[in-house]
Amino acid sequence: MAVRLRWCEFEFHVRLVKGYYRSSRTIYTSCSSSYCAQGRPERKHKKYTNTVALPRTDFPLRLDSQKRIDRDIYLYEKCEFSTLYTWQRKHVKGPEFILHDGPPFANGKPHMGHAINKILKDIITRHKLLQGCQIHYVPGWDCHGLPIELKALGGQTNLSPVTIRKKAEQFAREAIGGQEEAFRSWGVMADWDKCYFTFDKDYVKNLWQQFYALYEMGLVFRDVKPVFWSPSSRTALAEAELEYNPTHRSTAVTVRLLMRKVPDPIRSLIPQHGLPVFALIWTTTPWTLPVNQAVCFNPDLSYSLVSIAGHSGEVYIIASELVEMLRQKLCRQIDVITTFPGGILAGASYVHPCRSERVQPFLPAAHVTAGKGTGLVHSAPAHGPEDFLVALKHSISIECLVDEDGCYTEAAGPVLRGLPVLSEGSQAVMDLLSADILHSEQLVHSYPYDWRTKQPVILRASCQWFIDTNAVKQKAIEALKTVKIFPEDGSSTKSGGGLVSQLERRPYWCISRQRVWGVPIPVLYHKISGTPLLSMSLINHLCNLVNEHGRDFWWTLPLDRLVPQAVLAEHGVALDEVEKGQDILDVWFDSGFSWSYVLSGEKVADLYLEGLDQFTGWFQSSLMTSVALRGHAPYKAIFVHGFAVDAEGRKMSKSLGNVVDPLDITHGRKDKKHGPAYGIDTLRWWVACHATQHSSVPVSRTVLEASAEAVHKIRIVVRFLLGALHDFPSDVDESLYFLDRYLLHLLYDTDQQVNQLYESYQFNRVCTTLTNFVTNEVSALYCHLTKDRLYCAPVDASERRACQLVMSRILEVLTRSVAPVLPHLAEEVYLCHPYKKGVRLFQSGVSKPLPEWHQPEVARVVNLALEVKRTLNKLSPVTNTQQLAATVFSSGETLTLLKMLQEEEHSCWSQLTEILQVSSVMLVEKRSPLKFHVELRETLQQICGRCRRFTAHSVDEPCDRCQQVLDKLRVVV
Ligand SMILES: [Zn+2]
């Protein structure tokens, strides 16, 4: 049953009328300023309370703590949140809007980052649904990868691959369960019955097919290359799995290498025949010196032959531009004997720094500069991409002395064997070479770390699978030009530019990993030659096996089951000549192909929406794969959001102990005083207000309180509007006041503006626009000015119905406008709506304000009246201007406009008295340089006990209008 509300509950926006007592009688005018009204004693008017049409509604005003939690659950069930997605797929016939979900890692509990991501997505899809679009949104999870494998292992070693996979799968499933429950509870509308998981059989089969398609196109290849290698994780890493530590310390050394063959032109310049000649090199990775294979020089640089004080009987070669730097570094006198062009060094050779029996070449290379070091670069092709390319060019076979744990191998010799290269190994090398190290220094610089273990990585050559990104990057950069990147404020565009420059820098993408929790690379190898055996028939066979035996078959079935005779025959090999691959696919390869699994055919997503970091991750991997296979980007637009930070702006992390659980926000902390239950809609409002415009999204008590307050303000207003409509017959055709039409005009404009802000994903501005509209136009203006009509006019009077009609429109537009952000509140409004009971807002189709509501000429009239009102309010010394009789002097057009609001010269009941909130208005024609001026007097009328307006003839009687209402009600007072 609807609750009859107390009058004062609706006075939230109005300063309550207080009795004023005055003794003198003066006049205040807007020109001369003189007035006083006689005060009157306030009377109690309770006897009329039952005769006024107070609002009624069962929409609760305030929900605290457990009641709020219960209400969210009740609304979720009652308003069919869980079946909305299926409903709209069936019933909405508009254009399809595809938001393709970037799969979160199934590696932990739901956190604020998830809340930001999923709620932003839901705001967009719900907005699009209200615009008549059919939504395509299939949530997914990234189920493989090292973090899950490591957490599942929990420090245990020596487990079999199948045991590790079982544990990892169980861990991932539990994480997915927890995350899905939270995502659903936040009201996220999605195809929850058909989520995609990267460990699903069908997903795996699709990946193998795509892998093979790329292989057929020549875009996937296997090769030995230096790749980022994490000794702490024992696997190769992609660029996206690195984080750079700007405070990493390395020891840099300047080392001399004894030259064996000194080109004649140089030898002839040496003052004393037979002096040993040394080349000077500089490196920040002394641990790579044992695998030195060449020294690179730049033929375009000038080099000098120098003598160094304290090293008599020796001469050194260094780039001429770097002599001074060396002088400062060594604090020794250095004399330049002569200079010569770099080209002369071609054909020179030197003795290996660690192995005196080996003589190695000097090689020309363009990457050598005179920016730092010595202008002669120590080259270890196994540990540097440029070194690798030089070696490739000169057909030098690559040597690697570092194993998967980042330790020296047997081949490195007894002193170094087994030592970790980044610590003891590095020191051991420096000890070995101490006689040849001229200088060593500590260097603080930016160095790549494994983003999961937070340990430094190394570059290490190994046999890996690659995608030839070079071959697709131009197409990818071209495809990106048609992609819109939001927010459009420049910050994201900059990151978009970063995406392009990264594409340009990345020559290949290493897609193999040496772990077990992932999709096996479906390849067999020839045992001796290492040639990969890969064919469509093998892929088809493996797809059948996964159907038949499940995901672990690669590790459980014997080789003869993995490879059928037909495939062996196809490659002309016997079973005992082949072995299966031990690598799995990079998780970025898994998720990078999600478009091909979730979007059938040539479909392109309208939007990809993820955090800023995905410019180097999923946005990029998806772009590369789609461009490679389909020639275009998988998305039409990208939207990036920031990351949750604490009140001090620090990123949330377990080690800092500042992680906020979204459940603490929605359901409250155990200690409710320190963390009340804000409910789902407040969480959503917080996301909308803060997550779209900055890279840091603050989570603090203050911002959450502000969000709760804003949601509550809207709640109060919609409750008032619902109450005002309690006896509205829903369909009336009344002539509207100017003020009514003015509100429809504002409503139309606000709706247009809000829609445009939703379309450009500026949800923070959606929230501000709606809050301002609700506070200023709806609450403080319209609801305040029309309350006499609403409460005190005869219930079926045209002016009251007109007011209700406008309020019903405001409620409709406002509810629909906030609905994408506050779906619980919006559905609750419909649930308590006097004539929409049983209708679900999100299933009610498209409803838009009519263009004829837009009436600038009406706005002109009402704006003038509001200008008069502002002047009047400034002039009035009393809070309750109803005590005043106003005279407005004007002429010409101003008078004509004002007359539209009051035809008579003097009135107590005109539209103008309603807007000005006075007892009566006198309109007087008077020419003046001012547009108008106002005079105020105390009214001669008495306060009406029923309507509280000063429109009665005596203090003991109600005013004429109220008397008529009472007569009709046959109320004897
Ligand atoms: Zn009255």
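1. A word on ground rules. This is a predicted model in which local features need pLDDT of at least 70 and side-chain atom pairs count only at pLDDT 80 or more, while totals for chains, interfaces and linings use all residues. Residues are numbered from 1 along each chain as its sequence is written, and side-chain values use heavy atoms, with hydrogens and water left out.

2. The structure holds six cavities of 30 Å³ or more. A cavity here is a set of points, on a 1 Å grid over the protein atoms alone, where a 1.4 Å probe fits but cannot get out. Grid points are joined across faces, edges and corners, and a volume is the space filled by probe spheres set on the points.

3. The largest cavity contains about 160 Å³ of space. It is lined by 15 residues, and Gln131, Asp751, Asn755, Arg816 and Ser817 are the closest to its centre. Lining residues are those with an atom within 4 Å of a point. Helices H3 (112-130), H23 (738-759) and H26 (798-818) each supply at least two lining residues, and H23 gives the most, with four. Helices (H or I, at least four residues) and strands (E, at least two) are DSSP runs, numbered from the N terminus.

4. Of its 15 lining residues, Gly145, Leu146, Arg513, Arg515 and Ile584 are the closest to the centre. Helix H4 (146-153) and strand S27 (584-585) are the elements that give two or more residues to this lining. The lining of the second largest cavity has five nonpolar, four polar and six charged residues.

5. Now to a sheet of five strands. It is open, with parallel pairing and the order S5-S4-S28-S29-S21. Two strands pair if DSSP finds at least two bridges between them. S5 (134-136) and S21 (484-486) are the edge strands, each pairing on one side only. The twist averages 20 degrees from one strand to the next. S21 pairs with S29 (637-641) over three bridges in the parallel sense, and lysine 484 stands opposite alanine 637 in S29.

6. Two helices pack on this five-stranded sheet. H3 touches S4 (96-100), S5, S28 (607-611) and S29, and its direction makes about 155 degrees with that of S28. H19 (618-630) touches S4, S28 and S29, at about 145 degrees to the direction of S28. Contact means heavy atoms within 4.5 Å; axes are lines fitted to C-alpha atoms, for helices over the stretch in contact, and angles run from 0 to 180 degrees between N-to-C directions.

7. Another open sheet has four strands in the order S16-S17-S12-S18, with mixed pairing. S16 (349-351) and S18 (376-379) each have a single partner strand, so one side of each is left without a neighbour in the sheet. Three bridges join S12 (294-297) to S17 (359-364), which run parallel; cysteine 296 stands opposite leucine 363 in S17.

Technical notes
1 Å grid on protein atoms, 1.4 Å probe; cavity = no way out; pocket = protein on both sides within 12 Å on 5 of 7 lines; lining within 4 Å. Nonpolar A, V, L, I, M, F, W, Y, C, P; charged D, E, K, R; others polar.
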